[in-house]
Amino acid sequence: METPLDRLRDVLPPEAIDTSAEGTFRASLDNLRLSRCPEAVLRPADEDGVAAILALANEHRMPLTTRGAGSATTGAATPADGGWVLDLSGWKQLAVREATMSAFVQPGVTVKALDNAAAEAGLAYPPDPGSATHATLGGTIACNAGGLRGAKYGVTRDYVMGLEGFLPTGEFVRWGGNLRKFACGYNIRDLWIGSEGTLGIITGAVLRLIPRPVARRTALLAYSDEPAALAAAAAIRKRRVIPSILEFLDRETVAATLRLWHRVAPDKLTAFPRAWTADTPALLLVETDGEPVQADAEMAAVLEAAGTHAAHRHTAASAEEAETLWTVRRSCSQAMFELGDTKLNEDVVLPLDAQEPFFQAIERLRRETGLPMPTFGHAADGNFHVHIMYDAGNPAHRDKARDGIRRLMEQVVALDGAISGEHGIGLAKTPFMALQHGAAELAVMRRVKEAFDPNKILNPGKLLEPFEIWNHPRTKVRLPWDH
Ligand SMILES: Cc1cc2nc3c(=O)[nH]c(=O)nc-3n(C[C@H](O)[C@H](O)[C@H](O)COP(=O)(O)OP(=O)(O)OC[C@H]3O[C@@H](n4cnc5c(N)ncnc54)[C@H](O)[C@@H]3O)c2cc1C
């Protein structure tokens, strides 16, 4: 009897179907490192191929998980129910349209590649996740990714003008276009953004670009502890300045990150006093941008508001030095492995006036679980990456981590926050969706899913079905962004 895979071989060339052990393993996980091998990884060359794959998958109720770089931290790109993976990371057409200050991109273009191309025309694509050199535009649109510059420039959603792609039936659809406004019925474009590949497949996008800021100023401010650093961030807000970046790093994060760089490239740490290795401060890393006059004036205001109580302050003398500081910041996520072999990586978001009680809650949890909970994030928009580090081989650690994460999420919701600000839900956060949303809200989401994908073939198991990551071992494989 002909299997669905046999039928696929009738419509796709052999090089578009990968069933190798290595290929299916690579496509079996994302940065959560929870591996579920698919039957095949499919790399169609064109839209006819995508349509044919979808029509077959839908007919056979075959789970289909679309994939970009696989840098999601939640298991969003893990093919939880096996089936087929649709890998669009090789779709890299990119055209900057200077006249309309926009770009057409295929889903496999990386965030960094788009921003580099925009820069050649004096333009910029502001969303800048820490994974920008790897993460694809298909993946970042599907996750509504944020990044360091969110408070001033917004997130991916704010730059998507049009999307095109496919429904699970294999029908082609287009939502919006190269248009600054679009008021033609339900806004399905915005529904696809952040839907984590559960409602449709994105094969093209029109993205808004902005004039590129010509000047950037960067400063590093150190404080004795977290409350002092957060008070300084609040003072910047009170001064009515919105820096392009305002990053907060707690003392555990700074200690782990310094340890990593002392090992791999100590020359990157010239702006970090040696004494900090023993007596680690909490940090703010700030960037202002715009015309030189504006960037200078805003940085002066930041230093006036937040510099007075800083134990140490350092302003980057050159663009190269600033870039080194941001490279160190972007390594924080990986540096966590200095503190434990496994991490729970959360990206909760709090109202701007709830940061103090939130950090008190983290301190309590850290004390009660005895586990490291390094926390850093985007202080200007209240989006913090809390990591619970533990030794996966130690059952007591696992229990404490599991309990700790639930209590963290309960605290976040109690403070009117949200369980995810930018990474999304994937598999890892599904158990907390019922904390975030009431039954009526979840029921509407289920009906939306059913309207788009009645056979539940698109990325099944994500967002709405509670999934217990604790029942599944995580692999230790090295991924491209690991140091
Ligand atoms: C070191 C590091 C730093 C990070 N920093 C940030 C950060 O600052 N901010 C942030 O928001 N995130 C961050 N992330 C998370 C991650 O990079 C983002 O979630 C990103 O959006 C994932 O893009 P990707 O191409 O890797 O997508 P994948 O991981 O491949 O897929 C993610 C989701 O998108 C879906 N998808 C992918 N392509 C398509 C498509 N064409 N059509 C429909 N659905 C699709 C997948 O099915 C999956 O649900 C970081 C990750 C790492 C490893």
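Predicted model: local features only at pLDDT ≥ 70, side-chain atom pairs only at ≥ 80, totals over all residues.
**Domain contact, ligand shell and helix packing**

We can turn next to the ligand. The shell around the ligand draws on both domain 1 and domain 2, with at least three residues from each. There are 37 residues around the ligand, and those that come nearest are Gly68, Gly130, Gly138, Gly139 and Gly197. Three elements, β3 (64-67), α5 (137-143) and β10 (201-208), each supply at least two residues of this shell. The element that gives the most is α5, with five residues. Sorted by class, the shell around the ligand holds 19 polar residues, 14 nonpolar residues and four charged residues.

Two packed helices are described by the angle between their axes and the distance between the axes. Helix α8 (residues 226-238) takes part in a packing with helix α10 (residues 292-306), at an angle of about 130 degrees and with the axes 8 Å apart. At this angle α8 and α10 are therefore oblique to each other. Their crossing is right-handed. The residues that meet are Ala232, Ala235, Ile236 and Lys238 from α8 and Val302, Ala305 and Ala306 from α10. This contact is made of six nonpolar residues and one charged residue, with no polar residues.

Helix α8 also meets helix α13 (residues 355-369), and here the axes come within 10 Å and cross at roughly 160 degrees. Because of that angle, α8 is roughly antiparallel to α13. The crossing of α8 and α13 is right-handed. From α8, the residues in this contact are Glu226, Pro227 and Leu230, and they meet Gln355, Glu356 and Phe359 of α13. By class, the contact has three nonpolar residues, one polar residue and two charged residues.

Helix α13 has a further partner in helix α14 (residues 395-414). The axes of α13 and α14 come within 11 Å and cross at roughly 165 degrees, and the two helices are therefore roughly antiparallel to each other. α13 passes α14 in a right-handed crossing. On the α13 side, Ala361, Leu365 and Thr369 meet Lys400, Gly404, Arg407, Leu408 and Gln411 of α14. The contact of α13 with α14 divides into three nonpolar, three polar and two charged residues.

Methods: Residues numbered from 1 in each chain as written. Near = placed C-beta within 6 Å. Helix = DSSP H or I, 4+ residues; strand = E, 2+ residues; numbered from the N terminus. Nonpolar A, V, L, I, M, F, W, Y, C, P; charged D, E, K, R; others polar. Domains from an automatic or database assignment. Axes fitted to C-alpha atoms, helices over the stretch in contact; angles between N-to-C directions. Parallel < 35°, antiparallel > 145°, perpendicular 65-115°, else oblique. Left-handed = near helix turned anticlockwise from the far one by under 90°. Contact = placed C-beta atoms within 7 Å.
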